[in-house]
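Visitor: I am new here. Please walk me through this one, and let me ask about the labels as we go.

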Amino acid sequence: MDVFKARLERLYEELRNGLKPPEADNLLSIVKLICKLWDRRAVKSNHSVMEIVCAWHLIRQGYKVQVEVDLENDLICDLYAIKDGDSL
């Protein structure tokens, strides 16, 4: 297995402690997406780790989080979070 992907999985295992199952699932989906993007060489390692850590922080605050969300005109949103109808 790729060293970076193994490190992301280890990071996930550490961050998921204390999360409820739906929150842990949200974080896991983010890690899996970043691994797929890594395989395509579409993301950088440091940037991806920070996305995961920031997503974890928002998830702990009750947000549903997505990463690398396509917007209009070829713009990509690094983190998109929704809670109670409000978005970040």
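Guide: What follows goes from the helices to the sheet and then to single residues. Keep in mind that this is a predicted model.

Visitor: What makes helix H1 and helix H2 roughly antiparallel?

Guide: Take the angle. The axes of H1 (residues 3–15) and H2 (residues 21–39) cross at roughly 170 degrees. The label needs an angle over 145 degrees. So H1 is roughly antiparallel to H2. The two axes also come within 10 Å.

Visitor: Which residues of H1 meet H2?

Guide: Phe 4, Lys 5, Leu 8, Tyr 12 and Leu 15 do, on the H1 side. Among their counterparts in H2 are Leu 27, Val 31, Cys 35, Trp 38 and Asp 39.

Visitor: How many nonpolar, polar and charged residues does the contact of H1 with H2 have?

Guide: Eleven are nonpolar and two are charged. No polar residue takes part. Lys and Asp belong to the charged class, and the contact includes Lys 5 in H1 and Asp 39 in H2.

Visitor: Why is Ser 48 called buried?

Guide: Its relative accessible area is 0%. Buried means under 20%. So Ser 48 counts as buried. Ser 48 sits in helix H3, residues 45–60.

Visitor: What does Ser 48 touch?

Guide: Leave out residues up to four places away in sequence, and Ser 48 touches Phe 4, Ile 34 and Val 43. Phe 4 also belongs to the H1 side of the contact with H2, and Ile 34 to the H2 side.

Visitor: How do you know that Ser 48 and Lys 44 make a polar contact?

Guide: Look at the distance. A polar atom of the Ser 48 side chain lies 2.8 Å from the backbone oxygen of Lys 44. The limit is 3.5 Å. So the pair lies within the limit for a polar contact.

Visitor: On to the sheet. In what order do the strands stand?

Guide: The order is S1-S2-S3. These three strands form an open sheet with antiparallel pairing.

Visitor: Why do S1 and S3 stand at the edges?

Guide: Strand S1 (64–70) and strand S3 (86–87) each have a single partner strand. One side of each is therefore left without a neighbour in the sheet.

Visitor: How do you know that S2 pairs with S1 and with S3?

Guide: Count the bridges. Pairing takes at least two. S1 and S2 (residues 76–83) have six. Two bridges join S2 to S3. So both pairs meet the requirement.

Visitor: What lies between S1 and S2 in their hairpin?

Guide: Five residues do. Asn 73 in that turn has a positive phi of about 55 degrees. Asp 74, in the loop between S1 and S2, has a positive phi near 65 degrees.

Visitor: What makes Asn 73 and Asp 74 exposed?

Guide: The cut-off is over 50%. Asn 73 has 67% relative accessibility, so Asn 73 counts as exposed. Asp 74 has 80%, so Asp 74 is exposed too.

Visitor: How many residues apart in sequence are Asn 73 and Asn 17?

Guide: They are 56 residues apart in sequence. In space, their C-alpha atoms are 38 Å apart.

Visitor: Where is Asp 84?

Guide: Asp 84 is in the loop between S2 and S3. That hairpin has two residues between its strands. Phi of Asp 84 is near 50 degrees, a positive value in a residue other than glycine. Its relative accessibility is 71%, and the cut-off is over 50%, so Asp 84 counts as exposed.

Visitor: Why is Gly 62 called partly exposed?

Guide: Its relative accessible area is 44%. Buried means under 20%, and exposed means over 50%. The value falls in between, so Gly 62 is partly exposed. Gly 62 is in the loop between H3 and S1.

Visitor: Which residues does Gly 62 touch?

Guide: Ile 82 and Lys 83, not counting residues up to four places away in sequence. The C-alpha atoms of Gly 62 and Asp 84 are separated by 9.1 Å, though the two are 22 residues apart along the chain.

Note on methods:
Residues numbered from 1 in each chain as written. Predicted model: local features only at pLDDT ≥ 70, side-chain atom pairs only at ≥ 80, totals over all residues. Heavy atoms only, no water. Helix = DSSP H or I, 4+ residues; strand = E, 2+ residues; numbered from the N terminus. Axes fitted to C-alpha atoms, helices over the stretch in contact; angles between N-to-C directions. Parallel < 35°, antiparallel > 145°, perpendicular 65-115°, else oblique. Contact = heavy atoms within 4.5 Å. Buried < 20%, exposed > 50% of the residue type's maximum accessible area, 1.4 Å probe, protein only. Polar contact = N/O pair within 3.5 Å; in protein donor to acceptor, adjacent residues only side chain to side chain.
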